Amino acid sequence: MRKIDPVKRAARRQQILAAAIACFSRQGFHQTSTAQICAEAGMSPGNLFHYFANKKAIIAAIVEDEGRQTLAYFEKALEAQDLFAQLLGFMDLVLELGGDRAYLKLSLEIAAEGQRDAEIGLLAAANDRALQEALNTLLRNAAARGQVDASLDPADGARWIAALIDGIFNRLAVDPGFDINRQKNVLKLLLTRFLRPAAG
């Protein structure tokens, strides 16, 4: 029996996901066929189905990977001394990702698919809960260090920041005049006034 190289398998899997993301971003989930994903990835359908049973499995993997990447960001962020700066850095990243039209379209496709497909919806909801838990932990730890207003309930703060992230993506989708570079400074000012301990 041939031994499978886990590194090559992981690289091949990522190649398929990258191809699928490119296709989904251009055409949407339902307008993209597995044949188009195979052509983008430069492989045969038989090879693709060795890694993913169907298109839905590819979508699910994209959602799961995004959740893992978010958690990895916060695991590293929580090691820093200045947690408020880490939060601002994360929100800068949100704006930059939203400014990537391909990523923005993909995110909106995932949100829409989560409403149509219960299984994808559950995965997206799990990502949202994980994000809020990570934000909750970051805010709680930051408050303990005097970097965030201790009177703010960290769970409520996490919910509002998650709502703000959703709003950023919706705004970017409908407002072509939304200037990412200018809005970074505005967002930083809003978060500073909202979250920092009151003077005195």
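At roughly what angle do the axes of helix α8 and helix α9 cross? In this predicted model, local features need pLDDT of at least 70 and side-chain atom pairs count only at pLDDT 80 or more, while totals for chains, interfaces and linings use all residues. Residues are numbered from 1 along each chain as its sequence is written, and side-chain values use heavy atoms, with hydrogens and water left out.

The axes of α8 (residues 154-174) and α9 (residues 180-195) cross at roughly 160 degrees and come within 13 Å. Helices here are DSSP runs of H or I with at least four residues, numbered from the N terminus. An axis is a line fitted to C-alpha atoms, for helices over the stretch in contact, and angles run from 0 to 180 degrees between N-to-C directions. The crossing angle therefore makes α8 roughly antiparallel to α9, a term for angles over 145 degrees. The crossing is right-handed, that is, the near helix is turned clockwise from the far one by less than a right angle. On the α8 side, Ile161, Leu164, Ile168 and Leu172 meet Ile180, Leu187, Leu191 and Leu195 of α9; contact means heavy atoms within 4.5 Å. By class, this contact has eight nonpolar residues, no polar and no charged ones. Nonpolar covers Ala, Val, Leu, Ile, Met, Phe, Trp, Tyr, Cys and Pro, charged covers Asp, Glu, Lys and Arg, and the others, Gly among them, are polar.

Helix α9 also holds Lys184. With a relative accessibility of 18%, Lys184 counts as buried, which means under 20% relative accessible area (1.4 Å probe, protein chains only). Leaving aside neighbours within four places in sequence, Lys184 is in contact with Asp92, Leu95 and Glu96.

A second pair of helices can be described in the same terms. The axes of α4 (residues 55-77) and α5 (residues 83-99) come within 10 Å and cross at roughly 155 degrees, so α4 and α5 are roughly antiparallel to each other. Their crossing is right-handed. Tyr73, Phe74 and Ala77 of α4 make the contact with Leu83, Gln86, Gly89, Phe90 and Leu93 of α5. This contact has six nonpolar, two polar and no charged residues.

The cysteines remain to be considered. The structure holds zero disulfides, a disulfide being a pair of cysteine sulfur atoms within 2.5 Å. For Cys23, the nearest cysteine sulfur is that of Cys38, 9.4 Å away. Cys23 is buried, with a relative accessible area of 0%, and Cys38 is buried at 3% relative accessibility.

Notes. Buried means under 20% relative accessible area, exposed over 50%, partly exposed in between (1.4 Å probe, protein chains only). Helices (H or I, at least four residues) and strands (E, at least two) are DSSP runs, numbered from the N terminus. Angles under 35 degrees count as roughly parallel, over 145 as roughly antiparallel, 65 to 115 as roughly perpendicular and the rest as oblique.
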